Amino acid sequence: MSVDPWFQSLFAERIGGANYGKSDAIYKFEKIKRAKRQALAEHPERKLLDFGIGENDDMADESVRASLKAEADKVENRGYADNGIQNYKDAAAEFMKRQFGVTLDPVTEICHCIGSKPAYAMLPACFINPGDVTLMTVPGYPVAGTWTKYLGGDVHRLPLLKENGFFPDLAGIPADVKKRAKLLVINYPNSPTGAVATKDFYKRVIDFARTNEIVVVQDAAHICLSYQGEPLSFLQIDGAKDVGVEVHSMSKGFNMIGWRLGFVAGHPKIVQAYADVKDNSDSGQFMAIQHAAAAALRNPAIPVAVKAKYERRLKKLVTALKAVGFQCEVPGGTYFLYTSSPKAAGDRKFANAEEASQYLIHEQSVCCVPWDDAGSFLRFSVTYIAKDEAEEDALMAETMNRLKGMKLTF
Ligand SMILES: Cc1ncc(COP(=O)(O)O)c(C=O)c1O
C-alpha cells in the first residue's frame, strides 16, 4: 500500500477531501476497458468489434488541415487569443444564418470555447451559488452537473424515458426545486438516446424558463448529425435568445474532435458572463485553429459528408441488430444507436444493461456502452474503423453472425 503524501488531508471536499484517490469503485468506462483487455487476452484470434468508441473516426477535411498548416506559419497567430478572433466569430454567425436562419451579432452574441466541454464547467460558474439547482437530463453529458456540485449547488435529475420520447418531464418538477433552480441543461440531438427536439418541445422549454426564471443551456454538440429533415437550433424558436444560450462544437459535425473548439451563442449578457469566466480560466484557443475552423464553418459540404457517412452506418447497424432480435430504428440524430438491452442470452439472465454489455464483450468480443440511468439500454456507436463500405458490410455481417449465436431475448 502506498503511503499518503503530506498534503493528503488538504484535498478539497469536492473531490473527496482526505479520502481523495482512495475509492476502489470502478467506473463504467474503466470496466469496459478491463473487459476488452481480458477478451483480447483470452481470445487473441477473435477481432474485437468495437462499438464503444464515442469519437469520430475520420480526420478533419483536407482543406481544413491545409488551412491550419498555412495559418500556423503566420506570425500574427502566435500569441494569446484571449476571448477569440473575430474571423471565427464571424464564421460562426454565418454558419448559424446559413444553416438555421438564426441572426446573431458576431461581436456580442458569440464567444468561442476550447471545445464545448469547458463551457459546461464555466456556465455554472456564471450562475450557481451554494444551494442553487441545475436541472440536468439523464442519461447525459455530466460536466455542467459536476461543476454545479463543485460550486456548492445541487443537481436535479430529469430522466429521459423512452415512453416520453426521451424528453424531460418539465411539468413534473417539484415547486421547491423550480424555485431554487437557475439552470436547465438540455441536449438535442440527444446523446446517448439519439432523440431530436421538436419546435413544440423548445417552445415549452422557453415557456418553462420564462415562467420559472431559469436560464437554458442547450447542448448542440451533435446538431449537424440530424437525420429527420433539417437540423433544428434552439435559437430558431421565438424567445429562445431571451432565455439562454446554445453551445456548438466543431468536434462531431466537422470531424475536429481533437482540435478543441466550439462556441457559445445566444443572449449577449449570458455570453458576456461566460466570456468573463472564460477570461479568468483560459487564454483562448490557438488562432491558427480558429482560422482553420472558420474555413470549416464556411464549407457546407463538410457537415453534409460527415452526416451522410454516419447515417449510412446507422442504417446498416439497425438492419444487423434487428436481424438478431433488437427492436431499434435509425435515431433522429447523433452517431449513437441507443436500444433496449437484452434481458437474457439463452439461459443467462441479465439484471441490467451493464451485465449484458459485459457478457457481450466476454463471450463474443462485441463492445458497446451500457446505460442504466433511465431504463436499461445499450449504446452502439458507428464511429468504428472501416476504410470503405465493403469493410463496413463485412463488419456488420460479422456482428450479426456473433450475436445470432447468443440467442438474445428482450
Ligand atoms: C452531448 C455532448 N456534449 C458535449 C460534448 C463535448 O464535446 P467537445 O468538448 O468535444 O465540444 C460531447 C462529447 O462527447 C457530447 O457528447
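How many helices and strands does the protein have? It has 13 helices and 15 strands, where helices (H or I, at least four residues) and strands (E, at least two) are DSSP runs numbered from the N terminus. The model is predicted, so local features need pLDDT of at least 70 and side-chain atom pairs count only at pLDDT 80 or more, whereas totals for chains, interfaces and linings use all residues. Residues are numbered from 1 along each chain as its sequence is written.

**The whole chain**

Of the 410 residues, 46% are buried, a residue being buried if 20 or more other C-beta atoms, placed from the backbone, lie within 10 Å of its own. Among contacts between residues at least 6 apart in sequence, 72% join residues at least 24 apart, a contact meaning that the two C-beta atoms, placed from the backbone, lie within 7 Å.

**Strand S5 and its partners**

Next select strand S5, residues 181–187, which is largely enclosed by the rest of the structure because six of its seven residues are buried. Strand S3 (residues 133–138) runs parallel to S5 and is joined to it by four bridges, with Leu135 standing opposite Leu184 in S5. Strand S6 (residues 215–219) also runs parallel to S5, through five bridges, and there the bridge partner of Ile186 is Gln218. Two strands are taken to pair if DSSP finds at least two bridges between them.

**Leu123 in helix H4**

Move to Leu123, found in helix H4 (residues 116–127), which counts as buried because 29 other C-beta atoms lie within 10 Å. Leaving aside residues up to four places away in sequence, Leu123 touches Ala144, Val217 and Tyr274.

**The ligand shell**

Now select the 13 residues around the ligand, of which Gly115, Ser116, Lys117, Ser249 and Ser251 come nearest; a residue is near if its C-beta atom, placed from the backbone, lies within 6 Å of the molecule. The shell divides into three nonpolar, eight polar and two charged residues, where Ala, Val, Leu, Ile, Met, Phe, Trp, Tyr, Cys and Pro count as nonpolar, Asp, Glu, Lys and Arg as charged, and the others, Gly among them, as polar.

**Helix H11**

Continue to helix H11 (residues 301–323), where the 23 residues should span 33 Å at 1.5 Å a residue, and the end C-alpha atoms, 34 Å apart, agree with this; the expected span is 1.5 Å times one less than the number of residues. Its buried residues include Ile302, Tyr310, Arg313 and Leu317. The buried residues of H11 pack against helix H10 (287–297), strand S9 (336–340), strand S14 (377–381) and helix H13 (389–404). After H11 comes Gly325, whose phi is positive, near 110°.

**A three-stranded sheet**

Finish at the open sheet of three strands, ordered S11-S10-S15 with antiparallel pairing. Strands S11 (348–349) and S15 (408–409) stand at the edges, each with a single partner strand, so one side of each is left without a neighbour in the sheet. Two bridges join strand S10 (residues 344–345) to S15, and Thr409 in S15 is the bridge partner of Ala344.

Conventions. A residue is buried if 20 or more other C-beta atoms lie within 10 Å of its own, exposed if 12 or fewer, and partly exposed in between; C-beta atoms are placed from the backbone.
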